[in-house]
Amino acid sequence: FDAYLFAPYKQDQLPLMVNGGVIAHEHFHSLYQHLVIDPLKDKYPDASRPSPHDDHASLKRFGISEDVLDDGSALIDANQRTKYHSLLLHGVNEGLADVWGWIYTGDENFVGRSLSSEAINRNLALPNYRQLFAKDLILRTMNAVSISQLGRVPYDIGTQLARTMKTLMQKHYSSLSDAQVRKKMAELVIKTLPVLRDRIGSLKTDEYLSLTDVVTMMASQIDELSADDCQFLNQLIPSSDRPTSYRCGDVQ
């Protein structure tokens, strides 16, 4: 449904229902649902379910039906490729939703204002200091743990994406104000969503989309990347996932 539902907030920080970044984050999920997930749901039906949250147990106590709360069970019988892409789609959804919260508020740590457990994990002021998660790493993680233990994985993928793209945009538009950079980011996100939908929807049955593919897909929508931009991207891309058609600066 195109509606918000806020569980009772019992912590001692900024309540979720008055945190503008959280509201923007949840609003983005609606955009992603309409522009990416709905057209793909026949191929990746689990991607339309919400990412798991720690408060799902409390939501059940308030009468929210279990069939709208994702415990990962829908993935149990899916093949490996479907499981993988469902995780990746969840990760992109969560990462860009955090970007959307920053776009709306200008607050890089809006999640941490309400959830102290996420003050570091999803703080967009921190750089992405490690290579992007490789496809094989995500697959190994997915196969090494039970379905119910995968709840953190989409958020980890999403934070890498969010921090990478935020840093790239700030580098590329260093002469602009923060508000102008955030506007450019909003334009980039909306421009990229149909491209992502079409790309993943046209994959052959033996093809995989990597997190690197998502990052380079977004970067390709930015005009005239500089050598500094390319150096930043190239150092984050694992060699195993470097697209054969990718070219940025002198690195192919």
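Select Asn-128 and Thr-164. Their side chains make a polar contact at 2.9 Å. A polar contact is a pair of N or O atoms within 3.5 Å; within protein, one must be able to donate a hydrogen and the other to accept it, and residues adjacent in sequence count only if both atoms are side-chain atoms. This is a predicted model: local features need pLDDT of at least 70, side-chain atom pairs count only at pLDDT 80 or more, and totals for chains, interfaces and linings use all residues. Residues are numbered from 1 along each chain as its sequence is written, and side-chain values use heavy atoms, leaving out hydrogens and water.

Stay on Asn-128. Its side chain also reaches the backbone oxygen of Arg-130, at 3.3 Å. Now show the loop between α4 (110-114) and α5 (135-144); Asn-128 lies there. Helices are DSSP runs (H or I, at least four residues), numbered from the N terminus.

Is Asn-128 buried or exposed? Asn-128 is buried, because its relative accessible area is 9%. Buried means under 20%, exposed over 50%, partly exposed in between (1.4 Å probe, protein chains only).

Next, show what Asn-128 touches: Gln-160, Arg-163, Thr-164 and Leu-236, not counting residues up to four places away in sequence. Contact means heavy atoms within 4.5 Å.

Move to Cys-230 and Cys-248. A disulfide joins them, S to S 2.1 Å; the cut-off is a pair of cysteine sulfur atoms within 2.5 Å. Cys-230 sits in helix α9 (residues 227-236), and Cys-248 in the segment after α9, 18 residues apart. The S-S torsion is about -85 degrees, so the disulfide is left-handed. Both Cys-230 and Cys-248 are buried.

Key
Helix = DSSP H or I, 4+ residues; strand = E, 2+ residues; numbered from the N terminus.
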